[in-house]
Number of protein chains: 2
Amino acid sequence: MNIGQASRATGVSTKMIRYYESVGLIRPADRTDSNYRDFGDRDINELQFIRRARNLGFSVGEIGQLLALWRDRGRPSREVKAVAEKHVADLDARIAEMKSMADTLRHLAHCCAGDERPDCPILSDLSGTGTPGRQGADTNLRPRTTAAIDR
Amino acid sequence: MNIGQASRATGVSTKMIRYYESVGLIRPADRTDSNYRDFGDRDINELQFIRRARNLGFSVGEIGQLLALWRDRGRPSREVKAVAEKHVADLDARIAEMKSMADTLRHLAHCCAGDERPDCPILSDLSGTGTPGRQGADTNLRPRTTAAIDR
DNA sequence: CCTTGACCTTCCCATGATTGGAACCTTCAT
DNA sequence: ATGAAGGTTCCAATCATGGGAAGGTCAAGG
């Protein structure tokens, strides 16, 4: 199986397959005489594993840990669970941050007439001149870097 | 006010102030004879505006739009509201993606004994061998790039 | 046999927001 | 005058991903 076939079989782009190899997430694929990468069933399984883990938002580093545990037939499930729970906590924290931002903004937008007049509580809030009793945008919440979405 | 004072006054790092200038978000600051940047009240206000907008998760591009509207005393609040509502929709979409990931993973972790035994529904799911009736990790959801949190 | 098109290879570049550091200059207080 | 603190520019790295160039390989068909 060359890289294009492996890509189609796993839903991982050829670019990313090469990248995962370059960062050591998967071991270097075999090569044909003409220097084409040659993937076996085992590689395909690992790429599918990677894709599923990415779909759950795991970083490449975390996937490295998960792959190592997967390959280790004697791993304690405790370790896998720890990785998963830490990631869940990360996700929950980011969700909470973004929810707080969305709620604040929803409130401001709700208070904004949204017509031809220039008065705007959203801009007032951002400029610090708006109704100071409100929650305002002056929290130190910001979203956090994560990954990208499937095409 | 030099850049360090401006940074302390606004909570925007000196690095980011220079960056915002370089990308045209703020206009180039005045310079002293010794080539130090010199910020006035107006610059300070804009930097605070930017920080608040970042805290609400707006991208630099969106902040550019918001700043332009802010400077335009005759803008229709409709336009501001549109920018805000689009951003809320973006946030909500990302929240939904991440919530789906977290819920899936929470379920898997809940089903995982988390002890010394190697059997693990999390790895089973990732490897595609797990109880196929389940929601599984085979959705095409992934988080999306956003910004970072305040220091 | 040779061409064509589809595929592979490596290498470099760009993204977005942010931080870190090097090399060098300025200001201020001792 | 000397040193610390802080300014300046420029370059690099992060993370996961895609785009593209330049060149090698392969299979089908004329």
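Predicted model: local features only at pLDDT ≥ 70, side-chain atom pairs only at ≥ 80, totals over all residues.
A pair of aromatic rings is described by the distance of the centres and the angle of the planes. Over all chains, the structure holds four aromatic pairs, and two of them are set out in the table, where each pair counts as stacked because planes under 30 degrees apart are given that name.

| Pair | Distance of ring centres | Angle of planes |
|---|---|---|
| A:Phe49 and A:Trp70 | 4.5 Å | 20° |
| B:Phe49 and B:Trp70 | 4.5 Å | 15° |

In chain A, A:Phe49 belongs to helix α3 (residues 41–55) and A:Trp70 to helix α4 (residues 60–71), so the pair ties together parts that are 21 residues apart in sequence. A:Phe49 has a relative accessibility of 0% and therefore counts as buried, whereas A:Trp70, at 22%, counts as partly exposed.

In chain B, the pair links distant parts of the chain, with B:Phe49 in helix α3 (residues 41–55) and B:Trp70 in helix α4 (residues 60–71), 21 residues apart. Here B:Phe49 is buried, with a relative accessible area of 0%, while B:Trp70 is partly exposed, with a relative accessible area of 22%.

The backbone angle concerns an asparagine in each chain. A:Asn35 is not a glycine, yet its phi is positive, at about 70°; A:Asn35 sits in the loop between β1 (30–31) and β2 (37–38) of chain A, and its relative accessibility of 51% makes A:Asn35 count as exposed. B:Asn35, also a residue other than glycine, has a positive phi near 75°, and B:Asn35 is found in the loop between β1 (30–31) and β2 (37–38) of chain B.

Technical notes:
Residues numbered from 1 in each chain as written. Chains lettered and ligands numbered in written order. Heavy atoms only, no water. Phe/Tyr/Trp six-rings, centres within 6.5 Å; stacked < 30°, edge-to-face > 60°. Helix = DSSP H or I, 4+ residues; strand = E, 2+ residues; numbered from the N terminus. Buried < 20%, exposed > 50% of the residue type's maximum accessible area, 1.4 Å probe, protein only.
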